[in-house]
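Here is a short report on one protein chain.

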Amino acid sequence: MSGGRYDKSERVDLSGESIHWDLGSSLSYGEYLHLEKVLDAQKPLSFEHDEMLFIVVHQTSELWMRLMLHELGGVLECVRRDDLDPSFKMLARISRVQAQLISTWEVLSTMTPFEYSAFRNALGRSSGFQSFQYRMLEFLLGNKHAEMVEVHKRDPKAYETLQRALKSPSLYDEALRLLSRRGYGIPEDYLTRDFSEPYRASKQVAGAWLGVYHNAEKDWDLYDLAERLVDLDHKFQLWRFHHMKTVERIIGHKPGTGGTGGVSYLAKALELKFFPELWQIRTSM
């Protein structure tokens, strides 16, 4: 740099590059991604600088959850048809998505209590508790709770979708059905149970999973599935923990905007496990 101007040599050399300066009838990058909608979706309700951070963090999380739901749908189909190999790539991708979801709390934690309180009243009763996609994730993974659907009544489409997910077999239910088809002893009442009810851990199911680990060479794909489910569950617990600590850091022990106790409510979820027997058998191995 000389005399306040950039020397030509400091610029990227575009010679020899066949750049399409004129796109013709082709979609542009922004048009393909509908960025005019995405980047117009951040609409702070206050004039506070930090509300933009709050909105972007939550919108980004919803986008990652959108991808996670997409991948989980693929995993479910693979388990149903006993074709596990493709599901492992999807589960690996879900693991990376979960890492991104966890990291969003690190960004939000840069917000101080003073900065959040400056616009918190503008949120009214809106809360992550009302996230349709988060509830879908919980239901697909097996944490069924019929009462949770009621907060979505004002959105008939979301309400109907959640009701279907509530009554359908979760990923874990489908995994147990697969174990049964492979000859592992899953109790019949676990295969035909009311799937809208919370899952209850079973000694027989634990025994079946223990059998998978003891027969890992013969049923390596089932063994691999088990470990990937544990990884998924583990990272979900980490996400919940980081959520709780970020909330504690920003609002302390104030109630949440959605009506929960805030940190006290989030702490209750820390012991929840989607795949309980896969954790229980670790003591037996």
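At what angle do helix α10 and helix α11 pack, and how far apart are their axes? This is a predicted model. In it, α10 spans residues 203-214 and α11 spans residues 220-251. They pack at an angle of about 120°, with their axes 8 Å apart. Angles over 145 degrees count as roughly antiparallel and 65 to 115 as roughly perpendicular, so α10 and α11 are oblique to each other. Their crossing is left-handed.

From α10 come W209, V212 and Y213. They meet L222, Y223, A226 and E227 in α11. Six residues of this contact are nonpolar, none is polar and one is charged.

**Aromatic pairs**

The model has 16 aromatic pairs. Two of them are tabulated here.

| Pair | Centre distance | Plane angle | Type |
|---|---|---|---|
| Y213 and Y223 | 5.1 Å | 75° | edge-to-face |
| F236 and F274 | 4.9 Å | 85° | edge-to-face |

Take Y213 and Y223. Planes over 60 degrees apart count as edge-to-face, so the pair's 75° puts it in that class. The pair links distant parts of the chain: Y213 sits in α10 and Y223 in α11, 10 residues apart. Y213 is buried, with a relative accessible area of 11%. Y223 is partly exposed, at 23%.

Now F236 and F274. Their planes stand at 85°, so this pair is edge-to-face. F236 belongs to helix α11, while F274 lies in the loop between α12 (263-268) and α13 (276-280). The two are 38 residues apart. Both are buried.

Ring pairs also build a cluster. Its members are W105, Y134, Y172, Y190, Y199, W209, F236, W239, F274 and F275.

**Helix α6**

How many of the 10 residues of α6 are buried? Nine are, and the helix (residues 132-141) is mostly covered. The buried residues are Q133, Y134, R135, M136, L137, E138, F139, L140 and L141. They pack against α3, α7 (156-167), α8 (171-181) and α11. Just after α6, G142 takes a positive phi of about 120°.

**An exposed loop residue**

L39 lies in the loop between α2 (35-38) and α3 (51-80). Is L39 buried or exposed? Its relative accessible area is 59%, so L39 is exposed. L39 and I251 are 212 residues apart in sequence. In space, their C-alpha atoms are 28 Å apart.

Conventions
Residues numbered from 1 in each chain as written. Predicted model: local features only at pLDDT ≥ 70, side-chain atom pairs only at ≥ 80, totals over all residues. Heavy atoms only, no water. Axes fitted to C-alpha atoms, helices over the stretch in contact; angles between N-to-C directions. Helix = DSSP H or I, 4+ residues; strand = E, 2+ residues; numbered from the N terminus. Parallel < 35°, antiparallel > 145°, perpendicular 65-115°, else oblique. Left-handed = near helix turned anticlockwise from the far one by under 90°. Contact = heavy atoms within 4.5 Å. Nonpolar A, V, L, I, M, F, W, Y, C, P; charged D, E, K, R; others polar. Buried < 20%, exposed > 50% of the residue type's maximum accessible area, 1.4 Å probe, protein only. Phe/Tyr/Trp six-rings, centres within 6.5 Å; stacked < 30°, edge-to-face > 60°.
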